[in-house]
Amino acid sequence: MVLVYPEFQADKVFTWARGHEDRVTVLFPAPPMLTKCLGRVLREAHQGKTILAWGDRGCIENLKHRLESSGIETYEFLPDEAG
């Protein structure tokens, strides 16, 4: 599962991921690393991990579009509902 969060609220992101490092990958797809992030997301999604991509709205939208073009569904991360 790939979650996307076009915000900079690191406290919410890392609080959500704390204690689940074996099942969750948190990444920040900055422009020069977007292709590398895309490869990592594809590999880890196929392994059954949950990925949370967060940060700059433009980068997140670009990553989301590229993932969906590759057949990977993305979901909006809602920290207030995530617990």
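Tutor: What follows goes from the sheet to the helices on it, then to the cores and the salt bridges. Keep in mind that this is a predicted model.

Begin with the strands. The sheet is open and has four of them, in the order β2-β3-β1-β4, with parallel pairing. In general, strands of a sheet pair through backbone hydrogen bonds, and the pairing can be parallel or antiparallel. β2 (24–27) and β4 each have a single partner strand, so they stand at the edges and one side of each is left without a neighbour in the sheet. From one strand to the next, the twist averages 25°. As an example of pairing, take β2 and β3, which are joined in the parallel sense over four bridges. Valine 26 has leucine 52 in β3 as its bridge partner.

Helix α3 lies across β1, β2, β3 and β4 and runs at about 155° to β1.

Threonine 74 has a relative accessibility of 12%; it counts as buried because that is under the 20% limit. Its side chain makes a polar contact of 2.8 Å with the side chain of glutamate 68. Apart from neighbours within four places in sequence, threonine 74 is in contact with Val2, Val4, Lys64, Leu67 and Glu68.

Now the nonpolar residues. Nonpolar side chains tend to be buried together in soluble globular proteins. The largest nonpolar core here has 14 residues, and those that touch the most other members are Val2, Leu27, Val41, Ile51, Leu63 and Leu67. Two or more residues of this core come from each of β1 (2–5), α2 (34–46), β3 (50–54) and α3 (57–69). The largest share is that of α2, with five residues. For one member in detail, take isoleucine 51: leaving aside neighbours within four places in sequence, it is in contact with Met1, Val2, Leu3, Thr25, Leu27, Val41, Glu44 and Ala45. There is also a second, separate core of nine residues, with Tyr5, Val13, Ala17 and Phe77 among them.

Last, the charged pairs. Side chains of opposite charge can pair when their charged atoms come close. The count of salt bridges is three. In one of them, glutamate 7 pairs with arginine 57, with 3.7 Å between the closest N and O atoms. This pair links distant parts of the chain, 50 residues apart: glutamate 7 is in the loop between β1 and α1 (10–17), and arginine 57 is in helix α3. Glutamate 7 is partly exposed at 33% relative accessible area, and arginine 57 is partly exposed at 48%.

Glutamate 44 takes part in a salt bridge with arginine 40, at 3.0 Å from N to O. Both lie in helix α2, four residues apart, which is about one turn of the helix. Glutamate 44 is buried, at 11% relative accessible area, whereas arginine 40 is partly exposed, at 37%. Glutamate 44 also meets lysine 49 in a salt bridge of 3.8 Å, N to O, and both of these residues are buried. Through shared partners, Arg40, Glu44 and Lys49 form one network of salt bridges.

Technical notes:
Residues numbered from 1 in each chain as written. Predicted model: local features only at pLDDT ≥ 70, side-chain atom pairs only at ≥ 80, totals over all residues. Heavy atoms only, no water. Buried < 20%, exposed > 50% of the residue type's maximum accessible area, 1.4 Å probe, protein only. Polar contact = N/O pair within 3.5 Å; in protein donor to acceptor, adjacent residues only side chain to side chain. Contact = heavy atoms within 4.5 Å. Core = buried A, V, L, I, M, F, W, Y, C linked by side-chain atoms within 4.5 Å. Pairing = 2+ DSSP bridges. Axes fitted to C-alpha atoms, helices over the stretch in contact; angles between N-to-C directions. Salt bridge = Lys/Arg side-chain N within 4 Å of Asp/Glu carboxyl O.
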